[in-house]
Amino acid sequence: MTSSLLTPRGRSRVGTTGGGDVAATGSTAPTRILDWRDPLVLSLLDGIEVTADSETVRRIETLRHAHRLITAAVRPVYSVQDERPVSEVLRRGRGSCSQRLAVLEAVARAAGVATRVRGLLVDGTFWYPRFPRLRRIVPDRVLLAWPEFRLDHAPSASWLAVSELFGSLGELSEGADAGFTNSGSETLFEALSRTAIDWDGATLCPTSGAGCDLSAYVVADLGRFDSRDELFARHGQTLCPVARVLAEPVMGRHRAA
């Protein structure tokens, strides 16, 4: 690939392969990206009604409902501006997988659910099926902010990765149509509601065809960060500023398909 010229310079992106730094405590505070005090974010939260005896179950159901609302409200496109504030994504009504995941995080924080992200460097070949004629411009490495949610207020509370929001990886991998091809109209954001998205090699889809184990595409695990703002501040976005300015007017309106 020739797109290494379009990626940020002077950034250290050396990580581990063992899950990264789990010490990040996360937060419910608004950030520049997760500006959940904006009326558009609060309006999404107002549209969610959940009743459950358990706080943990109530939080999970809130996040699942939010995912469905975001799927309907934000059209999937190939935007390359990962640092775009959530309020602006909602205002535009379109966003990339990363931007829609950020909206989910913002709604979670607005609901009092602490979030953090895991930084993953994913091999650019993972996106080849989406750009069969444009492989030369696919970045060598794509920086992915993968959200995690704290299910209760205890300091030792467990964290739920967005991969398991709709069930355990084992449960999700058992579906008849399990697996993710990263092609067609379905994006990572939609796929996580029906199949296992496994970055650690913990499971395999039992059916033939598309797989659930995506660990072969993980170049580096950069660890956990209290927010995606912190991740991007330390490691930059996938593309350098000039490349983002040139690509966004076209990619930011191009429907993911």
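**Exercise 1. Which residues in H1 meet which residues in H4?**

Keep in mind that you're working with a predicted model.

Step 1. Start on the H1 side: Val41, Leu42, Leu44 and Leu45 take part.
Step 2. Now cross over to H4, where their partners are Val103, Ala106, Val107 and Ala110.
Step 3. Sort the residues of this contact by type: 8 are nonpolar, with no polar and no charged ones.

**Exercise 2. Work out how helix H1 (residues 39-46) lies against H4.**

Step 1. Look at the axes of the two helices, which are 9 Å apart.
Step 2. Next comes the packing angle, about 75°.
Step 3. Angles of 65 to 115 degrees count as roughly perpendicular, so H1 is roughly perpendicular to H4.

**Exercise 3. Check the span of helix H4 (residues 97-110), and decide how enclosed the helix is.**

Step 1. H4 has 14 residues, and at 1.5 Å a residue it should span 20 Å.
Step 2. Compare that with the model: the end C-alpha atoms of H4 are 20 Å apart, which agrees.
Step 3. Turn to burial, which means under 20% relative accessible area. In H4, 13 of the 14 residues are buried, so the rest of the structure largely encloses this helix.
Step 4. Peek just past the end of H4, and you'll find Gly112 with a positive phi of about 90°.

**Exercise 4. Explore the largest nonpolar core.**

Step 1. This core has 64 residues, and Trp146, Ile197 and Trp199 have the most contacts inside it.
Step 2. Ask who gives the most to this core: that's H4, with 8 residues.
Step 3. Zoom in on Ile197. Skipping neighbours within four places in sequence, its contacts include Trp146, Phe180, Leu188 and Cys212.

Conventions. Residues numbered from 1 in each chain as written. Predicted model: local features only at pLDDT ≥ 70, side-chain atom pairs only at ≥ 80, totals over all residues. Heavy atoms only, no water. Helix = DSSP H or I, 4+ residues; strand = E, 2+ residues; numbered from the N terminus. Expected span 1.5 Å × (residues − 1). Buried < 20%, exposed > 50% of the residue type's maximum accessible area, 1.4 Å probe, protein only. Core = buried A, V, L, I, M, F, W, Y, C linked by side-chain atoms within 4.5 Å. Contact = heavy atoms within 4.5 Å. Axes fitted to C-alpha atoms, helices over the stretch in contact; angles between N-to-C directions. Parallel < 35°, antiparallel > 145°, perpendicular 65-115°, else oblique. Nonpolar A, V, L, I, M, F, W, Y, C, P; charged D, E, K, R; others polar.
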